[in-house]
Amino acid sequence: ASHAQKHFIKLFKEQLPLPDKVRESGEGYTLSGRPLDPDSAAAKAYGLRGPDVSKDYRIANETKRKWLSRMTQALAQDEEQRKFKSAVTGLIGLNGTSGPDEEQ
């Protein structure tokens with residue numbers, strides 16, 4: 001493990017927050033910003049074992065999955081709204097009238 005990763009693991013063990021600049025890449029205590037895997041070689045080498053660590057890892061991953069699901073749903077809704085607006089704009093704006101029932 002790199003010196004930075006060792007430092008992140010130390011912060012994790014001491015339940016200290018990551019520096020602001022580090023959190024820009026993610027809330028996890030790893031170089032990538034992902035949650036720290038308690039079964040990783042680096043974590044085991046620094047004594048991160050036990051049910052509490054595994055529970056924290058599961059919670060972090062579940063939170064990430066929920067967030068990704070919400071974002072995917074929001075993007076799908078945005079796409080549907082964009083298609084609807086485009087269709088309505090096409091009906092109203094293309095033929096120069098204010099609606100399909102108005103005479104030209």
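Q: Hi! Where is the place of Thr30?
A: Thr30 sits in the loop between α2 (20-23) and α3 (41-45). Helices here are DSSP runs (H or I, at least four residues), numbered from the N terminus. This is a predicted model, where local features need pLDDT of at least 70, side-chain atom pairs count only at pLDDT 80 or more, and totals for chains, interfaces and linings use all residues. Residues are numbered from 1 along each chain as its sequence is written, and side-chain values use heavy atoms, with hydrogens and water left out.

Q: Thanks! Is Thr30 buried or exposed?
A: Thr30 is buried, at a relative accessible area of 12%. The classes are buried under 20%, exposed over 50% and partly exposed in between (1.4 Å probe, protein chains only).

Q: And what does Thr30 touch?
A: Leaving out residues up to four places away in sequence, Thr30 touches Gln5, Phe8, Pro35 and Leu36. Contact means heavy atoms within 4.5 Å.

Q: Gln5 and Phe8, then. Which residues are buried in helix α1?
A: In α1 (residues 3-13), those are Gln5, Phe8, Ile9, Leu11 and Phe12. Looking down the axis of α1, the buried residues fall within an arc of 160°, so they line one face of the helix. That arc is taken from the directions from the helix axis to the C-beta atoms.

Q: Switching topic: how many salt bridges does the count come to?
A: The count is 4 salt bridges, each being a side-chain nitrogen of Lys or Arg within 4 Å of a carboxyl oxygen of Asp or Glu.

Q: Which residue forms one with Asp20?
A: Arg23 does, and the closest N and O atoms are 2.6 Å apart. Both Asp20 and Arg23 lie in helix α2, 3 residues apart, about one turn of the helix. Asp20 is exposed at 55%, while Arg23 is partly exposed at 29%. A network of salt bridges links Asp20, Arg23 and Glu27.

Q: And which residue does Lys21 meet?
A: Lys21 meets Glu24 in a salt bridge (3.4 Å, N to O). Lys21 counts as exposed at 63% relative accessibility, and Glu24 is exposed at 61%.

Q: What does Arg82 pair with in a salt bridge?
A: Glu79, with the closest N and O atoms 2.6 Å apart. Arg82 and Glu79 are 3 residues apart in helix α4, so about one helical turn separates them.

Definitions and conventions: Helices (H or I, at least four residues) and strands (E, at least two) are DSSP runs, numbered from the N terminus.
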